[in-house]
Amino acid sequence: MTTRIEKTIFLRAKPEKVWAFLTEPDQLARWFHKSDVTLSEGQDYALLREDGSKMCWGKVETADAPTRLVYTFTHNYLQSHETRVEWTLEAVMGGTRLNLVHDGFEAGPADAFDMLCSHDGGWDEHFAKMREIAKDDAGLA
(Lines give C-alpha, C1' and ligand atoms only; values in the text may rest on other atoms or scores of the structure.)
Protein backbone atom coordinates (compact mmCIF):
# COMPACT_ATOMS: atom_id res chain seq x y z
CA MET A 1 0.00 0.00 0.00
CA THR A 2 1.25 3.47 -0.85
CA THR A 3 1.04 5.50 2.34
CA ARG A 4 1.23 8.95 0.87
CA ILE A 5 -1.17 11.68 -0.04
CA GLU A 6 -0.55 13.52 -3.30
CA LYS A 7 -2.61 16.54 -4.29
CA THR A 8 -2.36 19.30 -6.85
CA ILE A 9 -4.35 22.52 -6.83
CA PHE A 10 -4.26 25.65 -8.94
CA LEU A 11 -4.39 29.06 -7.30
CA ARG A 12 -4.94 32.45 -8.90
CA ALA A 13 -1.90 33.90 -7.12
CA LYS A 14 1.77 34.28 -7.92
CA PRO A 15 4.17 31.76 -6.37
CA GLU A 16 5.52 34.44 -4.02
CA LYS A 17 2.02 34.97 -2.59
CA VAL A 18 1.39 31.22 -2.28
CA TRP A 19 4.77 30.93 -0.53
CA ALA A 20 3.52 33.48 2.00
CA PHE A 21 0.37 31.36 2.51
CA LEU A 22 2.63 28.42 3.39
CA THR A 23 5.21 30.14 5.57
CA GLU A 24 3.98 33.34 7.23
CA PRO A 25 2.09 33.00 10.54
CA ASP A 26 -0.77 35.37 9.70
CA GLN A 27 -1.19 33.95 6.18
CA LEU A 28 -1.16 30.35 7.50
CA ALA A 29 -3.90 31.37 9.95
CA ARG A 30 -6.16 32.36 7.07
CA TRP A 31 -6.40 28.81 5.66
CA PHE A 32 -4.77 26.39 8.11
CA HIS A 33 -3.49 27.30 11.58
CA LYS A 34 -1.37 30.22 12.75
CA SER A 35 2.28 29.36 13.26
CA ASP A 36 4.39 30.51 16.18
CA VAL A 37 7.17 31.50 13.72
CA THR A 38 7.74 32.13 10.03
CA LEU A 39 8.61 28.76 8.53
CA SER A 40 12.24 28.87 7.43
CA GLU A 41 14.91 26.24 6.88
CA GLY A 42 16.15 24.60 10.09
CA GLN A 43 13.36 26.22 12.13
CA ASP A 44 11.18 24.33 14.62
CA TYR A 45 7.56 25.43 14.37
CA ALA A 46 4.20 24.89 16.02
CA LEU A 47 0.78 25.45 14.50
CA LEU A 48 -1.55 26.88 17.09
CA ARG A 49 -5.20 26.55 18.04
CA GLU A 50 -7.19 29.74 18.51
CA ASP A 51 -6.48 29.59 22.26
CA GLY A 52 -2.72 29.58 21.50
CA SER A 53 -2.10 25.94 22.44
CA LYS A 54 0.04 23.77 20.16
CA MET A 55 -1.92 21.72 17.62
CA CYS A 56 0.72 20.47 15.14
CA TRP A 57 4.48 20.80 15.15
CA GLY A 58 7.69 19.83 13.40
CA LYS A 59 10.85 21.17 11.83
CA VAL A 60 11.42 22.81 8.44
CA GLU A 61 13.93 20.73 6.49
CA THR A 62 14.01 22.71 3.22
CA ALA A 63 12.78 26.19 2.35
CA ASP A 64 13.66 27.22 -1.21
CA ALA A 65 11.44 30.27 -1.71
CA PRO A 66 9.21 30.32 -3.66
CA THR A 67 9.46 26.82 -5.16
CA ARG A 68 9.85 24.11 -2.49
CA LEU A 69 9.07 23.69 1.21
CA VAL A 70 9.59 20.48 3.19
CA TYR A 71 8.88 19.93 6.87
CA THR A 72 8.19 17.23 9.39
CA PHE A 73 4.64 17.20 10.72
CA THR A 74 3.00 15.62 13.73
CA HIS A 75 0.21 16.14 16.24
CA ASN A 76 -1.34 14.38 19.22
CA TYR A 77 -3.31 11.90 17.10
CA LEU A 78 0.00 10.80 15.55
CA GLN A 79 1.45 10.48 19.08
CA SER A 80 4.49 12.53 18.01
CA HIS A 81 5.21 10.16 15.08
CA GLU A 82 6.70 12.44 12.43
CA THR A 83 5.31 12.47 8.93
CA ARG A 84 6.73 14.54 6.09
CA VAL A 85 5.02 17.29 4.09
CA GLU A 86 6.51 18.55 0.82
CA TRP A 87 5.12 21.48 -1.14
CA THR A 88 6.27 22.40 -4.65
CA LEU A 89 5.14 25.56 -6.37
CA GLU A 90 5.26 26.22 -10.09
CA ALA A 91 4.25 29.38 -11.90
CA VAL A 92 1.61 28.73 -14.53
CA MET A 93 -0.30 31.12 -16.76
CA GLY A 94 -2.52 33.11 -14.42
CA GLY A 95 -1.27 31.69 -11.13
CA THR A 96 0.46 28.82 -9.38
CA ARG A 97 0.27 25.05 -9.47
CA LEU A 98 0.73 23.87 -5.88
CA ASN A 99 1.65 20.24 -5.27
CA LEU A 100 1.48 18.50 -1.90
CA VAL A 101 3.03 15.17 -0.93
CA HIS A 102 2.35 14.06 2.64
CA ASP A 103 3.97 10.75 3.55
CA GLY A 104 5.45 8.74 6.40
CA PHE A 105 2.23 7.27 7.82
CA GLU A 106 3.21 3.60 7.57
CA ALA A 107 5.21 3.45 10.82
CA GLY A 108 2.71 5.52 12.79
CA PRO A 109 0.86 4.51 15.94
CA ALA A 110 -2.55 4.00 14.28
CA ASP A 111 -3.87 2.23 11.22
CA ALA A 112 -2.10 3.80 8.22
CA PHE A 113 -5.21 3.72 6.04
CA ASP A 114 -7.27 5.50 8.70
CA MET A 115 -4.56 8.16 9.02
CA LEU A 116 -4.44 8.59 5.23
CA CYS A 117 -8.22 9.02 5.04
CA SER A 118 -8.29 11.49 7.92
CA HIS A 119 -5.44 13.63 6.62
CA ASP A 120 -6.69 13.43 3.01
CA GLY A 121 -10.04 14.89 4.06
CA GLY A 122 -8.34 17.50 6.21
CA TRP A 123 -6.16 18.70 3.35
CA ASP A 124 -9.23 18.97 1.12
CA GLU A 125 -10.92 21.25 3.68
CA HIS A 126 -7.82 23.41 4.06
CA PHE A 127 -7.29 23.63 0.29
CA ALA A 128 -10.86 24.88 -0.17
CA LYS A 129 -10.05 27.71 2.25
CA MET A 130 -6.77 28.46 0.46
CA ARG A 131 -8.56 28.68 -2.89
CA GLU A 132 -11.02 31.18 -1.43
CA ILE A 133 -8.35 33.46 0.04
CA ALA A 134 -6.32 33.34 -3.19
CA LYS A 135 -9.47 34.28 -5.14
CA ASP A 136 -10.31 37.05 -2.64
CA ASP A 137 -6.76 38.40 -2.73
CA ALA A 138 -6.75 38.34 -6.55
CA GLY A 139 -9.85 40.55 -6.49
CA LEU A 140 -7.90 43.12 -4.47
CA ALA A 141 -5.07 43.38 -7.02
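In this predicted model, D137 has a relative accessible area of 17% and is therefore buried, the limit being under 20%. The residue belongs to helix α3. Its side chain reaches the side chain of K17 in a polar contact at 3.5 Å. Beyond its neighbours within four places in sequence, D137 is in contact with K17, F21 and R30.

The strands form an open sheet of seven, in the order β1-β7-β6-β5-β4-β3-β2. Pairing is antiparallel. The edge strands are β1 (4-11) and β2, each of which pairs on one side only. Helix α1 (residues 15-23) packs on this sheet. The helix touches β1, β4, β5, β6 and β7 (95-103). Its direction makes about 160° with that of β6.

The β2 end of the sheet can be followed strand by strand. Strand β2 covers residues 34-35 and strand β3 residues 44-48. Two bridges hold them in the antiparallel sense. Here K34 stands opposite L48 of β3. Strand β3 is also joined to strand β4 (residues 54-64), by five bridges and again antiparallel. L47 has C56 in β4 as its bridge partner. Strands β3 and β4 form a hairpin, with five residues between them. In the turn, G52 has a positive phi of about 90°.

K54 lies in strand β4. Its relative accessibility is 43%, so the residue counts as partly exposed, between the limits of 20% and 50%. Residues up to four places away in sequence aside, K54 touches A46, L47, L48 and R49. K54 also lies over the face of W57, at 4.4 Å from the ring centre. E125 is 71 residues from K54 in sequence. The C-alpha to C-alpha distance between K54 and E125 is 20 Å.

Further along the sheet, β5 pairs with strand β6 (residues 83-92) through six bridges, in the antiparallel sense. V70 has E86 in β6 as its bridge partner. E86 itself is placed in strand β6. At 16% relative accessibility, E86 falls under the 20% limit and so counts as buried. Its side chain makes a polar contact of 2.8 Å with the side chain of R68. With neighbours within four places in sequence left aside, the contacts of E86 are R68, L69, V70, N99, L100 and V101.

Aromatic pairs were examined next. A pair of aromatic rings is described by the distance of the centres and the angle of the planes. With centres required to lie within 6.5 Å, the count comes to eight aromatic pairs. One of them is formed by Y45 and Y71, with ring centres 5.3 Å apart. The planes of Y45 and Y71 meet at 70°, which is over 60, so this pair is edge-to-face. Y45 lies in strand β3 and Y71 in strand β5 (residues 68-75). The two residues are 26 apart in sequence, so the pair ties together separate parts of the chain. Y45 counts as buried because its relative accessibility is 3%. Y71 is buried too, with a relative accessible area of 4%.

The rings of F73 and W123 give another geometry. Their centres are 6.3 Å apart. F73 lies in strand β5 and W123 in helix α3 (residues 112-140). The F73 and W123 pair links distant parts of the chain, 50 residues apart. Both F73 and W123 are buried. F73 and W123 also belong to one aromatic cluster, together with W31, F32, W87 and F127.

Technical notes
Residues numbered from 1 in each chain as written. Predicted model: local features only at pLDDT ≥ 70, side-chain atom pairs only at ≥ 80, totals over all residues. Heavy atoms only, no water. Pairing = 2+ DSSP bridges. Helix = DSSP H or I, 4+ residues; strand = E, 2+ residues; numbered from the N terminus. Phe/Tyr/Trp six-rings, centres within 6.5 Å; stacked < 30°, edge-to-face > 60°. Buried < 20%, exposed > 50% of the residue type's maximum accessible area, 1.4 Å probe, protein only. Lys NZ or Arg CZ within 6 Å of the ring centre and 35° of its normal. Contact = heavy atoms within 4.5 Å. Axes fitted to C-alpha atoms, helices over the stretch in contact; angles between N-to-C directions. Polar contact = N/O pair within 3.5 Å; in protein donor to acceptor, adjacent residues only side chain to side chain.
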